[in-house]
Amino acid sequence: MVASPAILDVAVTTAALSNAEVVALDRANVFHSWSAQKALNPLAIAGGSGSTVWDHDGNSYLDFSSQLVNTNIGHQHPKVIAAIARQATSLATVAPAAANHVRATAAAKILSHAPSNMDRVFFTNGGADANENAIRMARLHTGRDKVISRYRSYHGNTGAAIAATGDWRRIPNEYSRGHVHVFGPYLYRSEFWSQSPEQETERALHHLRRVIEAEGSQSVAAVLLETVPGTAGILVPTPGYLEGVRELCDEYGIVMILDEVMAGFGRTGDWFAFDAFNVTPDLITFAKGVNSGYIPVGGVVISGEIAATFDERVFPGGLTYSGHPIAAASIVASIEAFEEEDIVGNAARMGRDHLDPGLLALAEKHQVIGEVRGRGVFWALELVQDRETRTPVTAEYMGRIKAELFGRGLLPFIADNRIHVVPPAVVTAEEVAHALRIYDEALTATTI
Ligand code: PLP
């Protein structure tokens with residue numbers, strides 16, 4: 001059933017529509033993710049360019065959410081849009097079993113930025129099914145069942161990916177077996193009573209070792225971690241943690257899967273977030289930033305050793321749209337643009353020279369900021385009622401700060417008691433300065 005306004009020719013009418021009309025059409029027809037539907041009042045977005053989006057009523061916003069932390073290359077990058085149009089004109093779809101030049105080139109491009117032990121790419125439709133298939137590969141490769149992942153993590157909403165997730169979204173969806181969770185390093189709210197990063201690393205690794213032993217190391221197929229847990233709060237691992245996980249995996253013959261769906265492709269100021277650590281995983285999952293979500297796609301980068309498991313043996317997994325040519329074309333163009341325009345370097349510089357000092361200056365001024373953490377264009381401000389007790393601010397406070405940011409023309413990413421400062425990797429110094437002024441004003445205007 002279509003409510004007012006009636007469906008019209010989108011190309012002709014989009015410019016003439018109002019926000020209210022678009023929201024009415026949405027509310028009458030669209031079922032949204034992760035929401036009770038009735039009270040929803042979504043923002044109407046009509047267009048975008050670079051770090052800016054606009055609605056139908058003439059308002060524009062600095063997009064410091066990167067939508068769902070995925071538009072790493074910004075909105076409407078001309079090179080990627082042209083590649084999509086070109087591919088749509090020449091071959092809009094092809095079976096997964098076919099050899100296709102643009103698909104093979106996309107895989108080669110991804111591998112050219114991956115560690116040298118990586119050998120093949122399996123393409124999926126997004127991040128969840130990337131994790132789903134990485135878990136499948138690890139289970140078949142090891143002949144073991146269990147997967148250890150972190151509380152405070154998100155891995156996607158399919159069967160094993162949601163059971164691997166370490167937040168509330170797992171609880172109503174737990175129908176995949178063999179998942180075990182551990183606490184990881186998060187010094188600001190340490191589960192281990194740690195006073196220093198060194199203690200946090202040592203104790204988190206001891207905890208992981210004990211869980212592996214208690215679960216039976218011979219039954220553990222994989223440790224699956226977001227390199228930098230994103231939605232859970234941009235929890236940059238304490239020094240030595242990931243390296244220690246690698247050692248434990250080697251000791252017990254466990255596959256190490258790093259989920260780079262949110263953290264990869266420039267977000268942290270590196271091609272892969274783990275490049276900043278001395279660690280090489282066995283499987284890497286990716287999606288979002290690989291093509292900034294212009295076309296849905298994800299995948300698994302597979303080590304030579306694990307790929308060889310399926311040389312003679314059938315890999316029992318597949319997808320109709322695995323390596324879809326339009327998605328592949330957008331990956332190739334996106335990675336080329338990253339290389340030509342030094343977009344990863346830009347993310348690193350924006351983080352180091354602008355966001356890091358700018359956000360720390362905000363924390364000096366605003367008592368409500370309990371901790372600033374992150375790197376590249378991947379930052380969190382953790383907001384607390386009291387710096388001593390670290391009691392999180394209320395959801396009501398977060399609602400008010402969101403409205404203040406929005407009213408000043410900034411599209412924020414809000415999660416629990418945190419503002420995630422996650423602009424596109426192409427963001428400019430001027431845009432960062434503008435955003436910092438808006439955060440400052442909004443924090444000043446919002447009292448606890
Ligand atoms: N893994 C991580 C770290 C994510 O942040 C997400 C989505 O936010 C996913 C997996 C799931 O990706 P998708 O929504 O494309 O299935």
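A: Let's start with a term: buried area is the accessible area that two parts lose on being put together, summed over both. The model we will read with it is predicted.

Q: Happy to! Which parts is the chain divided into, and how far apart do their C-alpha centres lie?

A: There are two: domain 1 covers 43–76 + 343–445, while domain 2 runs over 78–341. Their C-alpha centres are 26 Å apart. Each domain brings 36 residues to the contact.

Q: How much area do domain 1 and domain 2 bury between them?

A: About 2900 Å², with 57% of it on carbon and sulfur atoms. On the domain 1 side, 25% of the area buried against domain 2 is supplied by Val 344, Arg 375 and Phe 378, more than any other three residues give.

Q: Now the polar side: how many salt bridges and polar contacts link the two domains?

A: A salt bridge here asks for a side-chain nitrogen of Lys or Arg within 4 Å of a carboxyl oxygen of Asp or Glu. Across this interface the rule finds one. Glu 382 pairs with Arg 189 in a salt bridge whose closest N and O atoms are 2.6 Å apart.

Q: Which elements of domain 1 touch domain 2?

A: Those giving two or more residues include helix 12 (343–365), strand 11 (369–375) and strand 12 (378–383). Strand 11 has the largest share, five residues.

Q: And what classes of residue make up that side of domain 1?

A: You will find 18 nonpolar, 12 polar and six charged residues there.

Terms used. Residues numbered from 1 in each chain as written. Predicted model: local features only at pLDDT ≥ 70, side-chain atom pairs only at ≥ 80, totals over all residues. Heavy atoms only, no water. Domains from an automatic or database assignment. Contact = heavy atoms within 4.5 Å. Buried area = accessible area lost by both parts, 1.4 Å probe. Helix = DSSP H or I, 4+ residues; strand = E, 2+ residues; numbered from the N terminus. Nonpolar A, V, L, I, M, F, W, Y, C, P; charged D, E, K, R; others polar.
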